[in-house]
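Here is a walk through one protein model. Take it piece by piece, with the structure open beside the text.

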Amino acid sequence: MRYRVGSMFAGIGGTCLGFMQAGAEIVWANELDKHACRTYRENFGGDHLQEGNITEVDKQQIPNLDILIAGFPCQAFSIAGYRKGFNDDRGNMFFQILDVITAQQEKPKAIFLENVKNLISHDDYNTYKVIKRSLEELGYTIKADILNSMHYGNVPQSRERIYIAAFLDPKHTERFAFPGEIPLTNELNQLIDRDLDVDRRFYYTERSRHYPVLKKAVVGKETIYQLRRIYVRENKNKVCPTLTANMGTGGHNVPIIMDDANRIRKLTPRECLRLQGFPEDFKIPHKLANGHVYKQAGNSVTVPVIANIAKNMLAVLNGEAISNGKPAVDLEEIEEKARELAERLKQRKAERLLELEQQQELRRLQELEQPTVRRRDPCVTTLT
């Protein structure tokens, strides 16, 4: 059976592509950002894409869906954002997912959600609990896990995300398992064009104010670097750090490499898409600004991870066995351990601050106890 999938917050279609690769059919998608919609249409056509704010979409007109997928806006939950959660309009977008589910004539058989891993601990773990409880109230049972793209997508990018799979039939949930870990065989230099000349705009030259510090720190051709405010960080594990939407704002947010000609440059937008697992024939619209493409790549998902999860979801819906499943994790147990660790760290920090305050007070008292030595003023002359 070819399952009908609807995609909310579709972006440039990374999640859609993953489910298509698993054998599903995308029958409806929604995205607000006009530049992302342009890229989506370039690659998937526009017949099923509804551009606009999901709050203004008539949800009764959405076609019947077997599976609803959504990478709802992650900025509200990310440590890179403001951590406002459900108090942020972007956080409230989760409730639009519930509205789409309830507007269906028959509830979708399965729900798939993706978000930043920080979702699990946000707002003292309450945000995740609200999501879980809300889906359970609609009749779904869920499994969730945190997967790193470098371990579960065979791409050299360290990118941890939480994935939630929910099923109406609890037997499906029971049989479902997230995909197991796979070897990382795609090396960084297989995806980065160190041997090619790229557009001069990507290079750092002596005219750049960052060039002196970069020239001193960027010396390896097997790794990748990040320019921080006052230093350069080398990723010694030879994988790319997490790509973020902030790359679209320019500056030093794009990871940096040294090419085979000993020149220092930023990753190109195409290289960023490769590091998210997009195929080489994925199209970048003509004359679309690099800033938009960087943002789209950083906001997207790692396609192979999605495809591997989608294959397992479709397998259980088809009554097939999963051969590559990883052991289930108890996120509530992880929450409790994380809470205990955070509390211990908080206690240690408080103890350390108290110790420092005591040391400062001790030094102050010692200074007060020392006798004051009157020194002769060299400017005063004694007459005899």
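**Around helix α10**

The buried residues of α10 are covered by elements that include α2 (34-44), β11 (264-266) and α9 (269-275). Those buried residues of helix α10 (residues 290-299) are Val 293, Tyr 294, Gln 296, Ala 297 and Gly 298. Buried means under 20% relative accessible area, exposed means over 50%, and partly exposed lies in between, with a 1.4 Å probe and protein chains only. Helices (H or I, at least four residues) and strands (E, at least two) are DSSP runs, numbered from the N terminus.

This is a predicted model, in which local features need pLDDT of at least 70 and side-chain atom pairs count only at pLDDT 80 or more, while totals for chains, interfaces and linings use all residues. Residues are numbered from 1 along each chain as its sequence is written, and side-chain values use heavy atoms, with hydrogens and water left out.

Now step back to the whole chain. The protein has 12 helices and 11 strands. Of its 384 residues, 47% are buried. Its accessible surface comes to about 21,000 Å². Carbon and sulfur atoms hold 47% of that surface. The areas come from the Shrake-Rupley method with a 1.4 Å probe; for residues, only the protein chains shown count as cover. Among contacts with a separation of 6 or more, 70% join residues 24 or more positions apart. Contact means heavy atoms within 4.5 Å.

Next comes the sheet. Seven strands form an open sheet in the order β3-β2-β1-β4-β5-β7-β6, with mixed pairing. From one strand to the next, the twist averages 15°. Two strands pair if DSSP finds at least two bridges between them. Strands of a sheet pair through backbone hydrogen bonds, either parallel or antiparallel.

Follow strand β5. Strand β4 (residues 67-70) and strand β5 (residues 110-116) pair in the parallel sense over four bridges. Ile 69 has Phe 112 of β5 as its bridge partner. Ala 70 has Leu 113 of β5. β5 also pairs with strand β7 (residues 160-167), in the antiparallel sense and over seven bridges. There, Ala 166 of β7 is the bridge partner of Ile 111. How many of the residues of β5 are buried? Seven of its seven are, and the strand is mostly covered.

Asp 66 sits in the loop between β3 and β4. Its relative accessibility is 10%, so Asp 66 counts as buried. Leaving out residues up to four places away in sequence, Asp 66 touches Met 1, Arg 2, Tyr 3, Arg 4, Pro 108, Lys 109 and Ala 110.

Helices pack here too. Helix α1 (residues 14-22) lies across β1 (4-8), β2 (25-31), β4 and β5, and runs at about 145° to β4. Axes are lines fitted to C-alpha atoms, for helices over the stretch in contact, and angles run from 0 to 180 degrees between N-to-C directions.

The last stop is a helix pair. The axes of helix α3 (residues 93-103) and helix α4 (residues 126-137) come within 11 Å and cross at roughly 5°. That makes α3 roughly parallel to α4. Angles under 35 degrees count as roughly parallel, over 145 as roughly antiparallel, 65 to 115 as roughly perpendicular and the rest as oblique. From α3, the contact uses Phe 94, Phe 95, Leu 98 and Ile 101. From α4 come Val 130, Ile 131, Ser 134 and Leu 135.
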